[in-house]
Amino acid sequence: MTAKTRYIGAVEIGTSKVTVLVGELSNGRSLSIIGYGECQSRGVIKGAVVDFRAASDATHSALLSAEQSAGVRIDEVFLAQTGGHLEGFYNEASVSVSAANNMVSGMDIDTVCRLAKSKNLPEGRMVVHNIRRPFHLDGRLVPDPEHLVGQRLDVGYWTVHGQENKIADNIHVIRGFNVPVAELILASLASGTMVTSAEDRQNGVLVIDIGAGTTDFVLYRDGCAYLTGVLPVGGSHLTNDLSLGLRLTEGQAEKLKHRFGRATVATKDKAEKVWLNGDFAIGDRQFPKQAIEQIASVRIWEIFEVVKKKLGPAFTIDRVAAGVVVTGGTAKLPGIAEAAAKVFDATSRVGELPGYINENLRDPGYATGLGLLYFGLNSKAETAAPARRRSGGFFSKLFANA
Amino acid sequence: MNPSAHISPPARSWRDIHQDIAPRAMSGEGRKRLAFATLKTIGIIAIACTSLWGGYELFRLWKSDPVSIKAPVKNSPVREIVLQSDGPLDHTWVVQTLALPRGVDLMELDLYALRERLLATPQVRTAVLARKFPDKLAVTLEERMPVARVRATERDGQLRDYLVARDGFVFPGINFPADRIETLPYLDGITLKRAGSGFAPIAGMETVSDLLGTARANTADIYARWRSVSLERLSADGVLLVRAADIPEITFGTRDDFLKQLAQLDLIIDRTRLHADGRTLASVDLSVGLSANGVLVPVVYAQPEIAADQPAASASPARRNARPGFAPVFQPARSQPTRPSGQRPSAFFHLADSSPL
């Protein structure tokens with residue numbers, strides 16, 4: 001390992017599985033995926049750790065497997081955060097440009113950003129992300145207002161916050177492996193970055209990541225994340241519905257879901273039946289195919305409806321020109337894009353990972369892990385690059401109150 | 001009024017979470033990593049402390065008695081060269097080659113230049129020079145050992161024998177005993193290329209060395225009769241041609257085990273001696289002959305010497321009189337009991353033509 005090579009672990013502790021990808025970051029600028037580990041998750045319900053020992057064992061097993069496949073030791077971890085406890089709010093601030101010639105300075109930008117982020121949270125809540133929306137200078141949208149001339153500078157932040165205990169539990173699971181958590185990244189942001197292009201995000205796109213226990217969504221507008229959210233409902237609820245509706249065990253229901261589940265009802269014949277196992281052995285039973293599809297489609301439909309309701313007026317067809325992208329493990333359900341198109345009344349597709357990703361990892365279930373590595377590369381690249389503007393230098397602090 | 005004066009402190013972020021965790025809450029692997037990291041830290045601290053302490057001691061010594069530090073460095077002429085070598089190069093040769101000025105100081109020696117001086121002799125493979133305070137220069141040599149000889153024409157037209165090492169280096173050979181050199185076979189079928197004052201290394205010598213080494217170690221009597229080894233067909237056909245005192249041409253294949261081929265040769269020579277009625281082997285090709293029921297080795301027998309008083313059938317060379325045949329050499333497990341001498345081994349020899357054998 002050279003001095004400028006670091007090994008990053010991208011960890012997603014999901015409800016059904018723990019995924020770890022190992023990336024080799026060279027000089028903070030290029031990243032290669034060199035290892036991979038996966039383990040069935042235990043002790044995690046709806047994205048939150050409920051059994052520390054079981055969750056630790058599963059996560060550490062995946063980390064160890066990834067380290068062995070890469071042949072290196074992970075230096076730091078980028079951890080995906082999800083769970084029903086995560087919430088978000090929008091807060092904006094505005095300042096008058098301080099210079100006499102109305103040219104926006106770095107200090108104006110820092111002030112307006114700090115103002116927009118300074119909102120107290122209830123006891124026991126912590127900030128996970130402060131996602132900045134574009135600046136507005138005298139009402140016009142500008143990506144970087146420095147040195148532009150104007151009188152009033154506005155900026156807004158979408159702040160994602162969660163329960164301190166649940167976030168700490170996730171971090172402590174990783175720390176139990178004696179690896180530091182360098183970044184905590186919202187799962188929807190990680191997967192959204194991977195399955196959409198910069199052009200999609202500029203035009204407006206909604207990304208829905210349906211995992212086993214949770215559904216994460218992020219709405220992009222003007223090139224940045226506009227709104228995020230998490231629903232404590234996922235693919236495992238489909239399994240549960242099938243299990244209750246058809247009186248099956250969870251394993252049998254999971255098998256039926258994978259074999260015959262659909263997000264839209266395609267079977268017209270009510271009498272068409274399918275076998276549970278297909279081996280005609282004792283215990284093998286028949287089920288109406290249409291009933292399986294109906295149960296699955298109703299739940300998927302409901303998930304999309306809830307997402308739409310949560311988005312509220314933020315989601316309008318004219319502001320989301322790139323449509324809806326569905327990803328995550330449940331996105332493999334046939335007809336899911338069709339269902340999303342009907343609910344949101346917009347063009348929909350199942351998220352595809354970029355072509356440069358290895359074929360073995362080009363599955364919607366790995367979008368979050370790959371997105372974490374992408375964030376890792378970007379954050380390290382920012383660190384490696386020379387600082388463009390130093391905020392709060394000695395002289396600016398000295399004359400700040402003058 | 002500056003608005004920043006009224007900005008409330010930022011809300012608590014996930015970065016404020018204390019990441020330290022009690023070792024009890026860690027998994028076994030986590031504890032192992034923690035122990036490794038702790039040991040690493042302790043090691044680094046120990047090395048840093050030792051370096052600091054060493055530096056301080058040196059500084060203290062330098063302040064109190066600077067002469068004691070400088071003494072071994074200055075005024076210590078080389079009194080002895082200690083040689084350690086795995087070959088015949090001796091102390092006299094080393095002294096002559098290094099040619100150190102009389103009374104030269106040990107610290108003034110340019111060890112790199114001296115090493116280059118030793119390595120200029122191709123017989124020296126590696127040379128390590130070290131100062132041994134107060135007055136010795138230690139020279140450790142690793143020499144090239146010859147596996148064959150090659151005869152080259154010098155610029156003045158004189159023929160001269162050179163030695164060839166396993167790595168293909170050609171060198172004159174210093175201090176090697178003559179009886180050892182005389183047992184080495186000559187190389188044939190090569191083109192020597194001059195490089196600087198010597199010759200360029202010969203390609204394929206590792207294979208030749210393997211063959212000669214195996215023969216010397218396992219069939220010393222056969223090896224002793226070998227006169228030359230030809231590399232002419234090595235790159236094209238993958239075979240080595242050996243000319244022996246009693247067999248003009250023995251072909252060895254490089255794709256098969258040399259020991260096995262030598263065992264076959266030994267058997268063929270023994271059988272020929274017993275059953276060939278005075279005929280001698282003209283050539284043996286050990287590079288081919290694997291078949292379902294054993295190994296068929298093509299051999300060519302030379303006709304017995306024609307008596308001087310008998311008219312020669314033709315003036316063709318001996319090779320024309322040679323006849324090809326196939327001598328099967330069976331696997332050791334299938335070998336047949338030795339027949340009494342004088343009995344024809346027709347069960348063992350399948351001939352391609354109507355040979356009396």
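Visitor: Which residues are buried in helix 8 of chain A?
Guide: Keep in mind that this is a predicted model. A residue counts as buried here if 20 or more other C-beta atoms lie within 10 Å of its own. In helix 8 of chain A, the ones that qualify are K289(A), Q290(A), I292(A), E293(A), I295(A), A296(A), S297(A), R299(A), I300(A), I303(A), F304(A) and V307(A).

Visitor: How far does helix 8 of chain A reach from its first C-alpha to its last?
Guide: Helix 8 of chain A runs over residues 289-311, so 23 residues at 1.5 Å a residue give an expected 33 Å. The reach in the model is close to that, at 33 Å.

Visitor: Which residue just after helix 8 of chain A takes a positive phi?
Guide: Look just past the end of that helix, where phi is about 60°. The residue there is G312(A).

Visitor: What is the orientation of helix 1 and helix 3 of chain A to each other?
Guide: Helix 1 (residues 52-70) and helix 3 (residues 164-175) of chain A pack with their axes 9 Å apart, at an angle of about 50°. The contact is made by F52(A), A55(A), S56(A) and T59(A) from helix 1 and D169(A), V173(A) and I174(A) from helix 3. An angle from 65 to 115 degrees would be roughly perpendicular and one under 35 roughly parallel. The two helices are therefore oblique.

Visitor: How many residues on the side of chain B that touches chain A are charged?
Guide: Chain B puts 22 residues into the contact, and chain A puts in 29. Chain B's side divides into 12 nonpolar and 7 polar residues, with the charged ones numbering 3.

Notes. Residues are numbered from 1 along each chain as its sequence is written. Chains are lettered from A and ligands numbered from 1 in the order in which they are written. This is a predicted model: local features need pLDDT of at least 70, side-chain atom pairs count only at pLDDT 80 or more; totals for chains, interfaces and linings use all residues. Two residues are in contact if their C-beta atoms, placed from the backbone, lie within 7 Å. Ala, Val, Leu, Ile, Met, Phe, Trp, Tyr, Cys and Pro count as nonpolar, Asp, Glu, Lys and Arg as charged, and the others, Gly among them, as polar. Helices (H or I, at least four residues) and strands (E, at least two) are DSSP runs, numbered from the N terminus. A residue is buried if 20 or more other C-beta atoms lie within 10 Å of its own, exposed if 12 or fewer, and partly exposed in between; C-beta atoms are placed from the backbone. Axes are lines fitted to C-alpha atoms, for helices over the stretch in contact, and angles run from 0 to 180 degrees between N-to-C directions. Angles under 35 degrees count as roughly parallel, over 145 as roughly antiparallel, 65 to 115 as roughly perpendicular and the rest as oblique.
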